[in-house]
Amino acid sequence: MDGFSSMAQSDSNWWRDGIFYQVYPRSFQDSDGDGVGDLAGILQRLPYVKSLGVDAIWLSPIFPSPMEDFGYDISDYTGIEPLFGTMADFDALITAAHDNGLKLILDLVPNHTSDQHAWFVESRASRDNPKRDWYIWRDPAPDGGVPNNWLSEFGGSAWQFDETTGQYYYHAFLAQQPDLNWRNPDVRAAIYDVMRFWLDKGVDGFRVDVIWHLIKDAEFRDNPPNPHYVEGRPPNERIMTQYSTDQPEVHDVIAEMRRVTDEFEARVLIGEIYLPLHRLMAYYGNDLTGAQMPFNFALLLTFWSARSIETIIEDYEKALPRGAWPNWVLGNHDRPRVASRVGPEQARVAAMLLLTLRGTPTLYYGDEIGMHQVAIAPEDVRDPFEKNVPGIGVGRDGCRTPMQWDATEFAGFSAARPWLPLPAHYVRDNVVNLEADARSILSLYRRLITLRKSSRPLVAGDYHPIAAQGDLLIYRREAEGQAVIVALNLGPDPVAVTTSAIRFGSSILLSTFLDREDERIEGVLDLRGNEGVIVAPP
Ligand code: GLC
Ligand code: MG
């Protein structure tokens with residue numbers, strides 16, 4: 001049976017063959033001239049997303065929110081934030097996405113709500129409120145201080161004293177983001193109903209926010225100090241998160257969530273998890289009953305060298321549980337843009353890496369046009385993390401700037417001044433210009449996606465390392481007797497590829513410079529600085 005019919009054979013595995021594209025709704029397209037992106041804007045830009053060749057859109061939160069953490073502080077799980085539009089706009093978007101063969105993934109933020117959520121308003125009203133135990137309330141320490149030494153990811157103690165009832169509540173992030181108590185079965189049931197609400201509407205799955213945070217130590221023991229703390233790093237890193245995250249019971253919760261998505265056909269559960277490899281692997285669950293895609297952020301965090309990337313790939317491949325499907329991420333709304341991390345030349349190599357590795361790739365909007373981390377002037381800072389922990393580079397505004405569509409005043413993003421600034425070079429680096437340039441990074445992304453989709457080895461093949469010497473990273477992908485070889489030059493100097501794996505008469509399918517297609521390799525394969533190629537054997 002032809003491997004290409006796998007989509008049809010089992011649509012429930014669409015997410016394995018697919019490519020995900022993350023949209024940060026505030027910054028994709030504004031339709032109503034308020035400087036903030038919205039659902040009608042995304043609808044308007046659907047043809048562009050479709051034209052990239054991706055299969056699924058993941059939307060960062062679109063629910064009612066005071067926007068203290070830009071939507072990751074939800075005050076109503078089953079509504080639509082008015083800034084973003086209405087439920088009718090959402091319905092129109094999901095219908096149009098599906099009509100265009102695109103899946104739609106929502107962000108589920110179950111770890112915490114906004115302090116404006118009705119549940120928390122009730123919970124904080126009195127100690128005997130029926131929702132009291134929906135959040136995490138603790139008595140002050142004997143000296144009146146915080147219950148333990150746990151720290152907020154965004155700076156300061158994770159405990160907030162509440163005058164009304166004389167107790168502290170726990171918040172892993174902002175004080176305006178109280179953590180739900182996932183040991184309470186009513187909380188679980190309530191969130192599972194939220195999931196069903198959206199699944200009933202046809203959403204194709206969830207990316208679950210900070211899923212490794214859901215359960216905390218039952219005894220609230222103090223976290224140990226971090227012996228590897230580096231001065232100048234965010235203050236929360238001074239202590240480990242041994243008791244505040246990644247507790248064994250979290251896997252029962254995730255298995256329950258998975259059972260909820262499995263009540264529906266062909267849905268996917270993605271987990272946001274920043275943990276060392278072996279802890280990460282546990283999030284696939286016993287017998288793969290956990291998340292289908294525990295996000296693999298290794299490429300976001302790595303030093304950019306052939307040797308370290310090869311090691312990352314090999315370690316990851318080795319650690320994967322039997323039957324578990326890999327995935328790779330190059331950028332998201334919390335980390336500096338890839339084009340700034342590795343430089344604009346290597347951004348093209350990074351694109352080839354992402355789209356030729358084994359496993360589902362997730363793209364971050366704007367990376368396909370090489371968007372940079374935008375410098376944010378102090379008066380333009382919006383990110384609460386940067387406001388709380390200023391000046392050490394934790395700010396996330398620079399990777400959340402408006403999509404650069406064209407060279408007009410606000411880059412085609414909005415008729416008004418956008419909520420975050422545009423960099424001056426958007427007049428050059430924008431979709432319209434890059435579409436007109438057959439060798440642009442955007443053209444490269446499109447060619448890579450097209451090639452991946454038509455290549456059984458790239459979609460489903462095994463991964464075989466060949467070499468990581470100097471700046472060269474070479475690997476083979478192979479399926480059903482077909483193979484392709486990927487050779488990436490991670491440095492600026494030209495290099496001759498002498499591996500016997502690339503045989504005489506091989507041909508170049510694609511170069512990151514988009515100027516060598518169908519070149520036959522008669523002797524040695526020469527790579528220019530910052531060049532990657534995909535090669536087909538004779
Ligand atoms: C996740 C989100 C991040 C948010 C945090 C708290 O890490 O990706 O943007 O600030 O959770 O919800
Ligand atoms: Mg708007």
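Is Asp-38 buried or exposed? Asp-38 is buried, with a relative accessible area of 2%. Here, buried means under 20% relative accessible area, exposed means over 50%, and partly exposed is in between, using a 1.4 Å probe and protein chains only.

## About the model

This is a predicted model, in which local features need pLDDT of at least 70 and side-chain atom pairs count only at pLDDT 80 or more, while totals for chains, interfaces and linings use all residues. Residues are numbered from 1 along each chain as its sequence is written, ligands are numbered from 1 in the order in which they are written, and side-chain values use heavy atoms, leaving out hydrogens and water.

Val-36 is buried, with a relative accessible area of 7%.

## Around ligand 1

Now look at ligand 1, which is surrounded by 14 residues; a residue counts if one of its heavy atoms lies within 4 Å. The closest are Asp-69, Asp-209, Glu-272, His-333 and Asp-334.

A polar side-chain atom of Glu-272 lies 2.8 Å from an oxygen atom of ligand 1. For Arg-400, the corresponding distance is 3.5 Å. Taken alone, ligand 1 exposes 310 Å², and the protein buries 96% of that, with areas from the Shrake-Rupley method and a 1.4 Å probe.

Methods:
A polar contact is a pair of N or O atoms within 3.5 Å; within protein, one must be able to donate a hydrogen and the other to accept it, and residues adjacent in sequence count only if both atoms are side-chain atoms.
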